[in-house]
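Thank you all for making time this morning.

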Amino acid sequence: MAAPRLIFADQLGPHFDDGGPLLMVEAVGVLGQRTYHRAKAHLILSALRHRARELGDRVEYLHAEHYRDVLAGRDLEVVDPTSWGSRALVRELGARVLPSRGFVTSEADFALWAADRPPSRLIMDQFYRQVRTETGLLMRGPDPEGGKFNFDHDNRQPPPKGAVNLGLPDPFCPVEDDIDAQVRIDLDRWQAEGRVHLIGEDGPRRFAATRAEALAALADFVETRLGDFGPFEDASLLGDESMAHSRLSVPLNLGLLHPREVIDAVVAAYETGGAPLQSVEAVVRQIMGWRDWVWHLYWHLGEDYVRRSNHLEAQVPLPREFWELDGSAVRAKCLSHVLGEVRRTGYAHHIQRLMVLGNWALQRGYQPAELTEWFTNSFVDGTPWVMPANVVGMSQHADGGIVATKPYASGGAYISKMSDFCGACTFNPKKRLGEDACPFTAGYWAFLDRVEPRIRGNHRMAQPLAGLRRLVDREAVVDQERARTQW
């Protein structure tokens, strides 16, 4: 009899199932090892149990405290899992390991591309262009569709003036069932027993946990939001939590959708005149470019990448307001709003993660390893492989320039331009000194002052550093931000 295939909670789609016997484990101890957002814990358990119900007699579904309790000594097969810890576990158990799945490119493809390239030359845009060329996606022979590989320059529009939302229909939202109800009961019991530690609010499940829901969410995005995604992908509005974003990172990271399904759907919309090229290319680049690249960097940069990366010497512990998702204790409207949304939903779209949460953490010098843990556990789409390069590299510049060529820091002017947050705020994004000085605007200059010795050789920071040296109130701004307690 063939060995059963062990299916992890992020391998729930049909591309992880080749038709043989399957094995799934619900290990409460794994949830108890970290402080998870309740919506994330609910999503994982709901997705596991829904998949088990779909599979019926084909799957053996085991309950345990830890994987080893029920897997030791068993003959197993497994598609190579998605974290260093899980890969060590399946090898320790002696499982027959198949190549990883769920990405456009293979680990062997990336290894060949990265061979003889130093870490500083592992440039996402070059990787993306090669994959586009090899796959022929959005290509006209050797040339990119529309004459450019990247339409990002066209995708930086602020929200429409005076708008409270983009006027789009509400995004697809699943309907909970008896499985969700039981998950909620179990989480309540385990939390009362001290077996799990949860943050964030409970509430109706907002994200796909089944294959059918994932396909419905994809179809809904293509029909109702894809056209506006490109122009407004960097914009935010207080009254529009989703904007034109797909929220498909959740079912993608659960393995419910294959990335090529999403790519093929948006490209088909473009080819039939249903979506503009700038929006379609943006989705393709985020998935086939960025997502694949971040996945490969997780393995290429090594298990200690997060631990060893602190180029800017950021040592400030993550504050209580982050650990408890307490946006109500924060005066800066943008930060208060985004922390509140994460508390409520376990989600914020990418520009809010980068230019509000990440920008704030960068300016304040929060410890990058702690911040990576927080992002991984507080977001419904957070995984051990996706967050290191995104947080340590892109957001915090803690790797010194492997992922991003410069720190992604900005003052309040950028947030004011790309959102309506500042109009409802007690701070003034144009001011860097005084009681109403914006902590992002002042914090930007204080950040440059702190890290100047570490970034002096970065040519992309030459102009900002020249501005810092001309700042007549530099010392006063630095002193103000060092002493700031109200933010």
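When I say that residues meet, touch or are in contact, I mean that they have heavy atoms within 4.5 Å, and helices are DSSP runs (H or I, at least four residues) numbered from the N terminus. Please keep in mind that this is a predicted model, in which local features need pLDDT of at least 70 and side-chain atom pairs count only at pLDDT 80 or more, while totals for chains, interfaces and linings use all residues. Residues are numbered from 1 along each chain as its sequence is written, and side-chain values use heavy atoms, with hydrogens and water left out.

Let me start with helix 20 (residues 439-455) and helix 21 (residues 462-470), whose axes, as lines fitted to C-alpha atoms over the stretch in contact, come within 10 Å and cross at roughly 115 degrees, on a scale that runs from 0 to 180 degrees between N-to-C directions. This crossing is left-handed, a term used if the near helix is turned anticlockwise from the far one by less than a right angle, with right-handed for clockwise. Which residues of helix 20 and helix 21 meet? Helix 20 brings Y444, W445, L448, D449, E452 and I455, and helix 21 brings P464, L465, G467, L468 and R469. By class, that contact has seven nonpolar, one polar and three charged residues, where Ala, Val, Leu, Ile, Met, Phe, Trp, Tyr, Cys and Pro count as nonpolar, Asp, Glu, Lys and Arg as charged, and the others, Gly among them, as polar.

The axes of helix 16 (residues 350-364) and helix 18 (residues 387-395) also come within 10 Å, crossing at roughly 65 degrees, and here the crossing is right-handed. R353, L354, G358 and L362 of helix 16 make the contact with M387, M394 and S395 of helix 18, which gives four nonpolar, two polar and one charged residue.

Leaving aside residues up to four places away in sequence, S86 touches F8 and P81.

Conventions
Helix = DSSP H or I, 4+ residues; strand = E, 2+ residues; numbered from the N terminus.
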